[in-house]
Amino acid sequence: MIRAMLARIRQGHRTTGYPRVPAVLPERFRGYPRLDPSRCPGGCHACGDACAYGAITHEAGTLRLDMGKCIFCPECVDACPHEALAFGNDAQLSSNTREGLVVLSGEERQKTRAMGDELISLFGRSIKFREVSAGGCNGCEADTNVLSTIGWDLGRFGVQFVASPRHADGLWITGPVTANMKEAVRIAYEAVPSPKIVVACGACAIGGGPYAGSPEASDGIGGLLPVDLYIPGCPPHPVTILDGLLRLLGKIR
């Protein structure tokens with residue numbers, strides 16, 4: 001016991017200071033995109049041609065990148081010979097709406113807004129989610145699970161994941177919602193008492209990700225349930241997930 005106590009003293013405080021202090025992300029992290037169509041010559045669609053998921057387009061002098069489809073690979077950046085686009089180091093990517101995930105050159109960015117005062121009064125101090133893995137690769141589940149470790153300590157914000165939808169305030173959806181999981185998601189949603197919220201975590205849950213268009217997937221949860229928070233990424237970084245949640249709960253403005 002004494003050795004364990006001494007080890008804890010030597011380790012010190014390990015929990016991240018975010019959001020009190022900015023998160024330190026590695027240089028190779030790919031966050032909010034920067035688009036500069038003034039560098040694009042007419043008729044060049046190299047970035048769009050390189051994207052396998054149709055996340056980026058260049059039309060009529062406007063670059064458009066849909067973070068809901070983007071898996072944040074560097075293919076479009078590598079394909080552009082004019083350095084017209086790049087991924088920054090900003091992990092604040094989430095949005096309340098599907099349209100808010102679309103980045104247009106020259107347009108103001110839309111960050112997640114806090115849910116209404118009534119929901120804040122109900123869930124602002126304590127909110128519980130039932131996570132439903134709806135056919136994904138387990139990447140989003142892994143990065144969500146990281147938030148419950150000592151390095152992030154999600155419980156200090158009153159956020160917990162529970163085993164039953166009947167004990168939850170909302171659903172946390174990952175994966176493209178495969179045909180086999182569609183009914184399970186519906187049953188889980190109906191089991192959550194109202195009022196309830198839905199979070200779509202990751203590119204698959206938002207729009208199907210690499211599985212978009214498959215007859216065995218539903219292209220995400222948006223067409224099946226009302227979504228309150230979209231968290232893009234493949235998978236989203238824990239900072240992106242935490243930032244979106246805290247903004248929705250009104251703890252970051």
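In this predicted model, F87 is a buried residue with a relative accessible area of 12%. F72 is buried as well, with a relative accessible area of 8%.

A search of the whole structure finds 4 aromatic pairs. One of them joins F72 and F87 in a tilted arrangement, with 5.5 Å from centre to centre and 45 degrees between the planes. F72 belongs to the loop between strand 3 (62–66) and helix 3 (75–79), whereas F87 belongs to strand 4 (residues 85–87), so this pair ties together parts that are 15 residues apart in sequence.

A further pair consists of F129 and W172; the ring centres are 5.2 Å apart and the planes stand at 75 degrees, so the pair is edge-to-face. Because F129 lies in strand 6 (residues 127–133) and W172 in strand 8 (residues 170–174), the contact ties together parts that are 43 residues apart in sequence. F129 and W172 are both buried. Together with F161, these two residues make up one aromatic cluster.

R109 lies over the face of Y32, and the charged end of K196 sits over the ring of Y189. The table lists the distances of these two contacts.

| Charged residue | Aromatic residue | Distance to ring centre |
|---|---|---|
| R109 | Y32 | 3.8 Å |
| K196 | Y189 | 4.1 Å |

Key. Residues are numbered from 1 along each chain as its sequence is written. This is a predicted model: local features need pLDDT of at least 70, side-chain atom pairs count only at pLDDT 80 or more; totals for chains, interfaces and linings use all residues. Side-chain values use heavy atoms; hydrogens and water are left out. Rings of Phe, Tyr and Trp (its six-membered ring) pair if their centres lie within 6.5 Å; planes under 30 degrees apart count as stacked, over 60 as edge-to-face and the rest as tilted. Helices (H or I, at least four residues) and strands (E, at least two) are DSSP runs, numbered from the N terminus. Buried means under 20% relative accessible area, exposed over 50%, partly exposed in between (1.4 Å probe, protein chains only). A charge sits over a ring if NZ of Lys or CZ of Arg is within 6 Å of the ring centre and within 35 degrees of the ring normal.
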